[in-house]
Structures are given as structure tokens and as C-alpha cells.
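Open the model in your viewer and keep the selection tool at hand. The tour below goes from one selection to the next.

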Amino acid sequence: MHLLAIFTVLAYGVSLGLYLRLLYADQKIVGRAATAMLAAGLTLHYFFLLDRAHQLQAVPYQDLYGAVSLFAWLLALTYFGLELFHRQRTLGAFLLPFVLLILVAGMLGHPVAPAGPPPGHGMVFALHVTLSVLAYAAFGLSFVMSLMYLAEENLLRRHKLGTIVWRFPPLDLLERMTRSSVMVGMGAILAGTLLGFVAVRRLEPPVSDFDPKYIVTLGIVGLYAAYLYLERQTSWRGGRASRLCIFNFAVILLSVTVVNLFLTRAHRYF
Amino acid sequence: MEIVLVGLNHRTAPVEVRERLSFTADQARRAAGDLRAQGIFEEIMILSTCNRSEVYGVPPESRREPAAALSEYLSTFHGVRADVLNGSLYSHQDRAAVEHLFQVSAGLDSMVLGEAEILGQVREAYRAAHESGATGPVLNRLFQAALEVGKRVRSETELGTRPMSVASAGMKLAERIFGKLEKHTALVLGAGTISEQVISQLRDRGIGHLLVMNRSIERAEEVARRYGGEVVPWADWEAALQGPDIVVSSVSAESVLGGEVVGRAMAARKNRALLLMDLGVPRNVDPAAAKLYNVFLYNIDDLTDIVQQNRRARESEVPKAQFIVEEHVDKFLSWQASVEMIGVLEALEGKMRAERAAFLAAHMQHLGHLSAADHERIEAMMDELLKKIVMHPAGKLRGERNLRRKIQNIEALRDLFLPERDKP
């Protein structure tokens, strides 16, 4: 395995260890060290993606493994931004296992040079893909936070507090962080989709305007718009909004697996 | 540089004795002045809280049995007979006194294990004593170390992190749900002792809006006035449930809040999250309310369970805290030994130089056949010998903390080399 990849996994791993330690011993120094290691992991991961792209002479999302690795990087990056914005570190212990899992899955495959020229290219196309992956990462983050919300709410209602509940972010903060994450995702998916349409228009030879992926993406945008509206309605605030967020992410998983594999040709990159 | 502690606390004395031996700030200043004027102590600091009254002092070298003199002074100062104090007062010297103070500031000696208030009280007592000039180099160092111990124990252990009273456990729960309480409203049903404790906690945590409701409107008004709340008439309690996020009930009546009432309130408030703390016995809130969406219901037993769990968790942190205490005790005693060592060594150096001068003066007259250069050489050789015997080890002792630790009983060295008049 590439040395950079090993160091990236190590940095994320150490960061995860420190975030877990933070759950049990609320020490500022441990929290700061966890964040610093996450920043180190993000930097190493960036150079790993860059190196991979140089090897392939193509963008990181050119093959499945590269796209998965980019997704993991953006997921960690979005969390890093949210952590700094909301000054809440507890989530790291719950999110980094996902990042590590996805990252390791993305590293299992060796970089393979694309057989032919990609169907789309150029800055607009690159932004379309990157923003779409960022949107999925932000929605992924909101999914993890919604799961956390439901777990904490359940423990609080059943009076099973133990040690960890005292370390969890307040439910109110989890709601706000989820909302922030969904808003980042919405912005990214709307801009990414728009750029996708622009990229399609520029393709030579022209391709058919219709792709089932468009409908699914619009559906996803609609579902998250519904979430943003409903989670502000008092009757939906809390558990119901979190369940909707989890459902929405399930639709995204459906979109990037079943829809990409079986219903679309233009978005089938693997 | 002996350190003496005499005092009593919640373990050794009942409240009737503690309250008689407590010091106001003014009394503490006066007593410190008296004790220094009477030559009992050179440095002094008095720590007086509701759970303890302790006097820490550094007596002059020549003072014999300062602890007994201090006990006698306390008895006179407070007008409490010595036989009343006997058995309540404890006294510690040196290591034991230092360790005791560090345990106090760490919260290990508190009635509520790990409570945070004591650190502020130690800081305040030290500030007052320092400003009045009652402390000196030893107590300054001692109390700065005590404050550091307190801070370290609170940041490096779990000793003070979890709530230890029903009221504070309830507040922590509220913060788990709502985060900061500044933008939230609390309604307190009842205005008895428990309600007041809760209201005090709510105020400490910055609750945005406080509503108080009680059958006796006069009592509700009194409590509301004291804590800056608003009174809600008892007759309006069903309507009043629609606004607040936290409802604390502690009234002596069964099922004040029925499940249907809470259900109607939740519908009216569009299911906005509601924390119900039922501190009444018999219970004031129908347990069925816990099943409603976004309702978090805790009764007195639930909160007491949390407090019990937290107490066990805090107790499990005691060894870690004690380790920090021991580390700082060793550090302080090493510093103290080094200061004493420097004094002894300086005296020893002076004495050796004087002995050398006297020795040379006595013997040089019999060595008249030697040249001036030989005289100078002999003086230089003696200086070199003195350096080898005393100065080099002295320099080494100044520099090496570990070595000083091994020679903590400096008195022995002092008695060995220095007659009484030369002692620093």
C-alpha cells in the first residue's frame, strides 16, 4: 500500500482513538489533539488523492476507488468545518469510523488508468462531480448526526444515561448541526446539478437530455427541502425530523447504487 | 520553616460548633493580625467556609508548640470553651498539613466529593490574606500550589464533572436536551425548599425566563422577587404549561399534571420538547405523560439514581486525584527543602570562611619563615580544600532536585554542623 495512504489511515486512526478517549475523559488537551490529528489526516489524505490523480493522469473520481476516497475526504472535511463552527467535538468518535471504513474500502483497489477519454471533462465537469460528492458527504454527515440524535433521545427518554450521554452534544445542538450539514449539502447539490446540466450541454457529440438520475436527484433535493421546512415546524422537530433525514440518506444510497448501476448510463462510472 | 494547620470541618464537628468557629472576612483579618503580633505565627492564612474553619501558619523558628497556642487563641477569640473544641479540632504539621490543604482544594475533603466551590473559597481566602500582608514566601508558594492542584484535579479527572444533587442533576439533563438555557423558559410549581434549590440552579445556569407558581401567592411572590422570576396564578397552571420548556413540580399533592393535561399542553405547544421534573412525593405528574412525543419525564427516584451513579463515578476518580495531590506535595516539600538548604548552606559557607580566617590568623604567626608568596599559596590551598568539602556539594544540592528530596530532614544537617547561634 502507498506510504501516504498508510500515514493517512494512521492519522485518522489516532484521531479516532483520541475522540473516543474524549468521550470517556473530558479533557481539552485530548480534544485539541484529536482535532489536530484530524487536520493532519485531511492534509495527508489530500496529498494521497493528488498523488493518485498524478499516477492516473486523471481526476480522483475517475474510478470507483478514487471516488470513494474523495467521498471519505469530503466527509471528514465537512465534519472538520462543522466542528470548528459549532465547537463540538463529540461527534468525531461517531463519524471517523465511517470515514476510515470508506477510506480503507477506497484504498483496496489499485489505481487503474481509464480505458478511454472520460465522457465529461473540463473545469465545469470537475466541479459538477466534486460538488455532488461534497453534497453526498454533507448528507452522510447529517445521517450520522440524525442517528446520534435518535440514540441520545432514546437514552434520555429511557433514563439510561450511563457515562457517555453526558458527553453527547445537547439534542438542540445536534439538530442545529444536522441542519447546517443539510444546508451545506443542499447548496452543493444544487450548484453541482446546475453545473452538470452545463457540462452536458458542452458535450460533443451531444447526449440525450434525459437521464433517470435527474429525477432521482430532484427527488433528493425535494426530500431535503422538505426536511429543512419540516424540522423548523414544532410538530416535526426532534425525532421525526431525524428519521426523515435518515430516510433521505437511504434514498441517496439507493441513487448512487441501484440507480447508477441499473437505470443510467451517463452516471455509471463503475 | 514548619507549616502548622489547626482546624475543624464537617467530619469532626457538628454544625453548632462549626458555626461558632467560623470567621467573617473581617474577623479573619483581625485574628491573623493578633496571631502575628503575639509571635505565634510569622505567616498566616485562615480558610473559613460553611464546612470548615482552618488556620494555616508558619511559626517562628523559636516558637514551641504553636498548634497548642493556636487552639488556645481560637478558643479565646470565639469565646468557645476549650472542652467544647476538644475532639473537634485537628492539627497537622508539615507534610500532613500540606497534603490536607491540597486535598481540600482538590475537593477530596468536601462534604460533596469533588465540589467546585471550595477552590473559589481557597482562592478568595488566599487573596484576602495576601492583600492584608498576612502571608509570606512559604504560604504564598503553598497556596499557589494548592490552587494549581485544584485546577489540575478538575481538568484531569472526572471528580467534579457530574451533578451530585437532585437539582443539579435536573439542570444537567435540561442542558442535554436544550443546550444553553439562556433562551429557554422554566416553570416551577411549588415554592418550598426543593423548588428554591431548583430555582437557584436555574438562575446559576442563566435560565432565560423563570415562572413561579404556588398555591400561596405570597410565597410565590417572595421567591419570584428573590430570584428575579415572574409569578403565574395557580388557577392558570394548565395554560401556563404551554409556554415553558422545563417544568419542575414539587408540590404536596398527587397527580397535579395528569397525562391528558400534558397531552393537551403538548398539542397546544405543537410538540415542542418539554422536560418535566417531578420532584414531588407523591408524584405530581402522571407517568403516562412520558409516552408523549418529545416529553422527557424524570421523577425524584430517576434523578436520585443519577446522583447515586455519579457519586460512584466520582469515587472511582479519587485515586487519580490523590495521585495529583501526592505529586504536588512532593514538589512543594522539595521546594521547601531547597529553600531551607540554601539558608543552611549559606550559613555553613560563612562559618567555614570565618573558621579559615581565624585558623590562618592563629597559625600564620608561627610560620614567619615562609615568604608572602608561600602564605598566599597556603591560603589558596585552604580555599580549594574548602571548596571541595563544602562549596561543590552545595552547588550540586542547589541544582539537583532529586538529591534534595533525599535530604528532606535538613534539621539533622543543621544540628550536625551549626551551633544554635549560626542557624539561619
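Which strands and helices of chain B do the buried residues of helix 2 of chain B pack against? Keep that in mind while looking around; note that this is a predicted model.

Begin with chain A. Its secondary structure amounts to eight helices and zero strands, and read from the N terminus the elements go α-α-α-α-α-α-α-α. Of the 270 residues in chain A, 43% are buried. Now consider contacts in chain A between residues at least 6 apart in sequence: 81% of these join residues at least 24 apart.

Next, select residues 25-37 of chain B, which form helix 2. At 1.5 Å a residue, these 13 residues should span 18 Å, and the end C-alpha atoms are 18 Å apart, so the two values agree.

Within helix 2 of chain B, pick out B:Ala28, B:Ala31, B:Ala32 and B:Leu35, its buried residues. They lie on the same side of helix 2 of chain B, because the arc they cover around the axis is only 105 degrees. In an α-helix there are 3.6 residues a turn, so residues three or four places apart point the same way.

To settle the opening question, show strand 2 (43-48), strand 3 (52-58), helix 3 (66-78) and helix 6 (117-131) of chain B: the buried residues of helix 2 of chain B pack against these elements.

Turn to the face of helix 2 of chain B directed away from its buried side, where the exposed residues B:Asp26 and B:Ala37 are found.

Key: Residues numbered from 1 in each chain as written. Chains lettered and ligands numbered in written order. Predicted model: local features only at pLDDT ≥ 70, side-chain atom pairs only at ≥ 80, totals over all residues. Helix = DSSP H or I, 4+ residues; strand = E, 2+ residues; numbered from the N terminus. Buried ≥ 20, exposed ≤ 12 C-beta atoms within 10 Å, placed from the backbone. Contact = placed C-beta atoms within 7 Å. Expected span 1.5 Å × (residues − 1). Arc of directions from axis to C-beta.
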